[in-house]
Amino acid sequence: MTQPVLSLWINGQARSAASTRLADIANPATGEIVRQAPLANSEDVNAAVAAAKAAFPAWRATTPLRRARILTRFRELMEKNRDELARLASEEHGKTLADAAGSVQRGIEVIEFASGVPHLLKGEQAEDVGRGVDCHSLLQPVGVCVGITPFNFPAMVPLWMFPVAIACGNTFVLKPSEKVPSCSLKMAALFTEAGLPDGVMNVITGDKEAVDALLTHPDVGAISFVGSTPVAKYVYETGARHGKRVQALGGAKNHALVMPDADMAFTADAIVGAAYGSAGERCMAISTVVAVGSAGDALLALLQQKVAGLKVGAGNQPGIDMGPVISGAHRDRIVSLIDSGVAQGATLALDGRGLTVPGCEQGFFVGPTLFDHVTTDMTIYQEEIFGPVLIVLRANTFDDAVRLINRNPYGNGTAVFTRSGHWARRFENEIEVGMVGINVPIPVPMAFFSFGGWKASLFGDLHMHGMEGVNFYTRSKVVTSRWPAPEEHSAATLAMPALG
Ligand code: NAD
């Protein structure tokens with residue numbers, strides 16, 4: 001049976017791709033191919049970048065206030081279409097509808113933040129930096145910006161990028177994951193409906209071929225990437241080599257440190273939600289618990305009981321806690337990692353292998369899996385599993401646990417569970433991770449703060465959205481001015497002027 005083929009979105013309209021390569025998009029709950037997406041080639045990339053370049057001068061000259069009004073209308077349309085976007089995200093990714101709707105909402109909050117752009121673009125001003133000399137700074141757009149996004153948040157991760165870039169006066173080419181492109185195409189159409197001029201926002205579906213054409217394109221000024229660490233590093237290095245500014249967010253292995261004084265029932269609930277929500281396919285999922293001292297046994301008993309009660313099934317069905325993972329290949333990788341955990345001597349407290357969901361026999365399901373007594377030399381500790389597998393390590397002291405977390409190469413998110421302000425404060429101060437929760441399991445910063453990790457979780461300097469996002473999508477210019485009266489004209493001097 002032939003499946004519908006998606007179009008690209010270029011210059012304010014749907015357009016067929018020049019490329020003839022296609023990607024199958026499966027519903028992970030059923031394994032069924034629901035549609036296909038073009039895998040754009042360099043001709044498609046050139047068309048999208050050319051549209052964005054042509055739209056840039058007029059968009060840059062549109063006042064920030066007028067840009068903000070279009071963003072406000074876009075936000076309203078996004079709210080009206082939230083359920084449809086959640087349905088598309090759930091269909092192509094597999095997550096539950098409630099989870100998908102929550103992530104769309106978190107993305108809408110970035111549009112809300114970006115709608116304050118007239119205020120965000122105010123530079124600095126100082127009078128009399130020298131006698132009769134004033135100084136002010138401007139934040140000006142970069143030009144054509146590019147977003148390359150992963151499969152696990154079909155709406156939210158693109159929304160970390162393009163509303164801020166466009167609010168700042170840039171034009172944009174988005175290349176979503178070829179596994180989940182429909183939300184991006186829908187959002188581009190809604191933005192046009194909100195009054196965005198043609199060419200300001202473009203979407204091309206594609207894979208490495210499209211990414212490579214974007215990374216090396218002479219008319220691209222900035223690249224935002226979110227995905228796995230090896231690809232993030234590649235995107236950062238290639239983009240930088242071609243003279244672009246790049247922010248490339250990578251993978252994660254997020255640890256929760258649990259102290260014996262924590263409220264264990266609260267902690268167990270928080271960790272179950274953070275580990276198994278979205279089938280563990282969140283870059284901020286808690287995938288690793290480090291239990292200190294007596295916390296281990298108390299927590300494990302609760303986790304076992306709560307995790308065993310999770311309902312797994314198709315994400316669009318009522319009462320389901322956890323959907324499938326993204327693909328058959330990913331399911332097989334997760335299962336082989338679980339096999340390795342058993343072979344390397346970890347205690348398998350709950351085994352999610354071999355799960356079949358009635359009515360969804362061809363779906364890509366892995367049941368919630370829990371390992372205890374994991375050690376740092378095991379593959380299940382060293383690899384990002386990105387599935388519904390939670391591992392528990394034991395540590396004797398708070399200091400041992402902090403050292404263990406700081407030795408991990410990733411540094412995206414982490415959390416501490418304790419009732420002691422002393423431990424919480426030390427954790428916040430000493431932990432080498434970009435986003436920290438104190439009794440908050442998934443500390444995803446709100447849109448008016450910035451999102452980003454440290455170490456192998458981020459290549460580049462600036463995080464996404466918040467003021468770091470504004471700084472990434474603008475170039476600062478500093479203007480020093482003097483308006484001397486004719487009688488103040490001084491003779492030429494060849495010495496370096498010292499103002500002060
Ligand atoms: P991925 O790295 O496979 O793909 C991300 C994007 O890069 C996609 O658009 C894809 O088409 C493109 N791509 C893939 N391989 C490429 C290659 N060899 N060359 C050029 N481009 C390539 O990631 P994914 O599987 O879609 O997403 C899961 C990963 O993303 C996990 O590692 C997860 O931790 C990470 N992630 C990180 C964050 C964060 O904020 N740090 C957020 C979400 C997801």
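**Ground rules.** I number residues from 1 along each chain as its sequence is written, and I leave hydrogens and water out, with heavy atoms used for side-chain values. As the model is predicted, I take local features at pLDDT of at least 70 and side-chain atom pairs at pLDDT 80 or more, while totals for chains, interfaces and linings use all residues.

**Domains.** I looked up the domain assignment and found domain 1 (8-250 + 457-479) and domain 2 (254-438), with bounds that come from an automatic or database assignment. Their C-alpha centres lie 31 Å apart, and the contact (heavy atoms within 4.5 Å) takes 20 residues from domain 1 and 23 residues from domain 2.

**Largest pocket.** I searched a 1 Å grid over the protein atoms alone, where a pocket is an open set of points with protein on both sides within 12 Å along at least five of seven lines, a cavity is a set where a 1.4 Å probe fits but cannot get out, and lining residues have an atom within 4 Å of a point. Points are joined across faces, edges and corners, and a volume is the space filled by probe spheres set on them. The largest pocket comes to about 760 Å³, and among its 34 lining residues Pro150, Phe151, Gly227, Ser228 and Val231 are the closest to its centre. Both domain 1 and domain 2 give residues to this lining, so the pocket lies between them. I read helices (H or I, at least four residues) and strands (E, at least two) as DSSP runs numbered from the N terminus; α8 (208-215), β10 (222-226), α9 (229-241) and α12 (328-343) each supply at least two lining residues, and α9 has the largest share with 4.

**Lys179.** I then looked up Lys179, which sits in the loop between β8 (171-175) and α7 (182-193). Its relative accessibility is 36%, so I count Lys179 as partly exposed, on a scale where buried is under 20%, exposed is over 50% and partly exposed is in between (1.4 Å probe, protein chains only). Beyond its neighbours within four places in sequence, Lys179 is in contact with Ile25, Glu92, Phe151 and Ile326, and its C-alpha atom is 7.7 Å from that of His93, 86 residues away along the chain.

**Nonpolar cores.** A core here is a set of buried Ala, Val, Leu, Ile, Met, Phe, Trp, Tyr and Cys residues joined through side-chain atoms within 4.5 Å. The largest has 69 residues, of which Phe74, Met78, Trp160, Phe162, Phe172 and Met201 touch the most other members. Helix α6 (residues 156-167) gives the most to this core, 10 residues, and at least three residues come from each of domain 1 and domain 2. Apart from this core lies another of 65 residues, including Ala346, Val366, Phe398 and Phe417. With residues up to four places away in sequence set aside, the residues that Met201 touches include Trp9, Phe162, Phe172 and Leu196.

**Cavities.** I found 2 cavities of 30 Å³ or more. The largest has a volume of about 90 Å³, with Lys253, Arg282, Glu384 and Phe386 among the residues that line it.
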